[in-house]
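Student: Please take a close look at a single part of this model. I would like the helical packing, with cut-offs stated.

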Amino acid sequence: MTAPRARIRTLPTAPAAPPGALDTLIVEAITAARPLSDDHRRIVAIRHQADPDGRSCRGCAYRYKRRDSNACPSRIFLDRGLPAALAAVPSETTTRPCRYCRGPVTVAAGTHKTDRPVCDCCENQDDLFGGDGEPMP
């Protein structure tokens, strides 16, 4: 007689989300206006552990501010609640100064820091010296 096999429990994988986004189980619980169950809390805690190098979250690829801090937004939600977790979610947009007038321009957060965007006002301006790009004779 063979021994009964132990059931291997696999954790459901989270769908791809931007780095630092809240776990799908947390979002589902919030939208359903119900608390996160103990089983779901354990699943989220297991998913959002630190990578072996200790620099980012394994579940959401959130880069930690300090090494081994375990402070991705989903872990913060489990420890301190929703307001603290929402404060830790990275912004999707940021502002940069316009190349010409230095006014604020909203750009995507992933834009490289050396890119110098142009605001709507300066984009539609005619060139100061004729606009054809040819040197004057």
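Tutor: What follows covers the nonpolar core and the helices around it.

This is a predicted model, in which local features need pLDDT of at least 70, side-chain atom pairs count only at pLDDT 80 or more, and totals for chains, interfaces and linings use all residues. Residues are numbered from 1 along each chain as its sequence is written, and side-chain values use heavy atoms, with hydrogens and water left out.

Start with the core. A nonpolar core is a set of buried Ala, Val, Leu, Ile, Met, Phe, Trp, Tyr and Cys residues joined through side-chain atoms within 4.5 Å. Buried means under 20% relative accessible area, exposed over 50%, and partly exposed in between (1.4 Å probe, protein chains only). The largest such core has 12 residues, among them Leu 22, Leu 36, Ile 76 and Ala 88. Two or more core residues come from each of helix 1 (24-31), helix 2 (38-47), helix 3 (73-80) and helix 4 (82-88). Helices here are DSSP runs (H or I, at least four residues), numbered from the N terminus. A second core stands separate, with 6 residues including Cys 57 and Tyr 62.

Now helix 3. Burial takes in 6 of its 8 residues, so it counts as mostly covered. The buried ones are Pro 73, Ser 74, Arg 75, Ile 76, Phe 77 and Leu 78. They pack against helix 1, helix 2 and helix 4. Just after helix 3, Gly 81 has a positive phi of about 105 degrees.

Next, the pairing of helix 1 with helix 2. Their axes lie 9 Å apart, at an angle of about 145 degrees. Axes are lines fitted to C-alpha atoms over the stretch in contact, and angles run from 0 to 180 degrees between N-to-C directions. Contact means heavy atoms within 4.5 Å. From helix 1, Thr 24, Leu 25 and Ile 26 meet His 40, Ile 43, Val 44 and Arg 47 of helix 2. By class, the residues of this contact are 4 nonpolar, 2 polar and 1 charged.

Beyond its neighbours within four places in sequence, His 40 is in contact with Leu 25 and Arg 34. His 40 and Ile 26 are 14 residues apart in sequence, and 8.3 Å apart in space, C-alpha to C-alpha.

Notes
Nonpolar A, V, L, I, M, F, W, Y, C, P; charged D, E, K, R; others polar.
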